[in-house]
Amino acid sequence: MLNTKFVTIIITFLFFGLAKSDKHPLHVSTTEVNFNAKEKSLEISCRVFSDDFESILAKNYKQKTDLSNPAMKAAMDELVKKYILTHLSVNANGKSVKMSYLGFEMDHEATNIYLEVAKVSAVKSMEVTNTMLYDIFDDQMSIVHLVKGNVRKSTKILYPDKQFSANF
């Protein structure tokens, strides 16, 4: 557990602490699935490097991408939604759940993407399948956090692996 926390701290530092440049040596994303017992929902957030994310959106959908351009926000929302719902899935209690795309926002060199799953009354287990950016980088690393109350279970998924599950 301590090892996972240490790795997460180091990767988070690298992820957010890199100076702005054309290329970065680390291809990493983070995904957190948080069970909100009060709202009976799963709150999902993903964080990816914006330059990598724009590259894969342009490659896959063959159109100009600019996540930071307010004039393109509606078009980018459609691309982000299409991509994320194709490359991320969540199971709760052994059953696939339908995620609702809420939107994205830019934060320095990163893009935060938000989703939600409504009507989840209880969680005994969660599973995430994540292939974000696998279609562009064969060294992609995904940090996944599954959270229920005060219990956080985390791991790193290295390409070509794509799943993490935990019981609560």
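This is a predicted model: local features need pLDDT of at least 70, side-chain atom pairs count only at pLDDT 80 or more; totals for chains, interfaces and linings use all residues.
Which residue stands opposite Lys-153 in E9? Leu-146 does.

**Hairpin E8–E9.** Strand E8 covers residues 141–148 and strand E9 covers residues 151–158. The two pair in the antiparallel sense, over eight bridges. Two residues lie between them in the hairpin. Gly-149 sits in the turn, with a positive phi of about 60°.

**Open sheet.** Four strands make up an open sheet with antiparallel pairing, in the order E4-E3-E7-E10. Its edges are E4 (95–96) and E10 (163–167), each of which pairs on one side only. Helix H3 packs on this sheet and touches E3 and E7. The direction of H3 makes about 50° with that of E3. At the E10 side, E7 and E10 pair in the antiparallel sense over five bridges. There, Ser-125 has Asn-167 in E10 as its bridge partner.

| Strand pair | Sense | Bridges | Residues facing each other |
|---|---|---|---|
| E8 and E9 | antiparallel | eight | Leu-146 and Lys-153 |
| E7 and E10 | antiparallel | five | Ser-125 and Asn-167 |

**Helix H3.** H3 runs over residues 73–87. Its 15 residues should span 21 Å at 1.5 Å a residue, and its end C-alpha atoms are 21 Å apart, so the two values agree. The buried residues of H3 are Met-76, Asp-77, Leu-79, Val-80, Tyr-83, Ile-84 and His-87. These pack against helix H2 (50–61) and several strands: E2 (41–49), E3 (88–92), E5 (100–107), E6 (110–117) and E7 (125–130).

**H2 against H3.** The axes of H2 and H3 are 11 Å apart, and the helices pack at an angle of about 90°. They are therefore roughly perpendicular to each other. H2 brings Phe-53, Ile-56, Leu-57, Asn-60 and Tyr-61 to the contact. H3 brings Leu-79, Val-80, Lys-82, Tyr-83 and His-87. By class, the contact has seven nonpolar, two polar and one charged residues. Leu-79, Val-80, Tyr-83 and His-87 of H3 are in this contact and are also among the buried residues of H3.

Beyond four places in sequence, Ser-89 touches Met-99, Glu-127, Val-128 and Thr-129. Met-99 is ten residues from Ser-89 along the chain, with 7.9 Å between their C-alpha atoms.

Key
Residues are numbered from 1 along each chain as its sequence is written. Side-chain values use heavy atoms; hydrogens and water are left out. The expected span of a helix is 1.5 Å times one less than its number of residues. Buried means under 20% relative accessible area, exposed over 50%, partly exposed in between (1.4 Å probe, protein chains only). Contact means heavy atoms within 4.5 Å. Axes are lines fitted to C-alpha atoms, for helices over the stretch in contact, and angles run from 0 to 180 degrees between N-to-C directions. Angles under 35 degrees count as roughly parallel, over 145 as roughly antiparallel, 65 to 115 as roughly perpendicular and the rest as oblique. Ala, Val, Leu, Ile, Met, Phe, Trp, Tyr, Cys and Pro count as nonpolar, Asp, Glu, Lys and Arg as charged, and the others, Gly among them, as polar. Two strands pair if DSSP finds at least two bridges between them.
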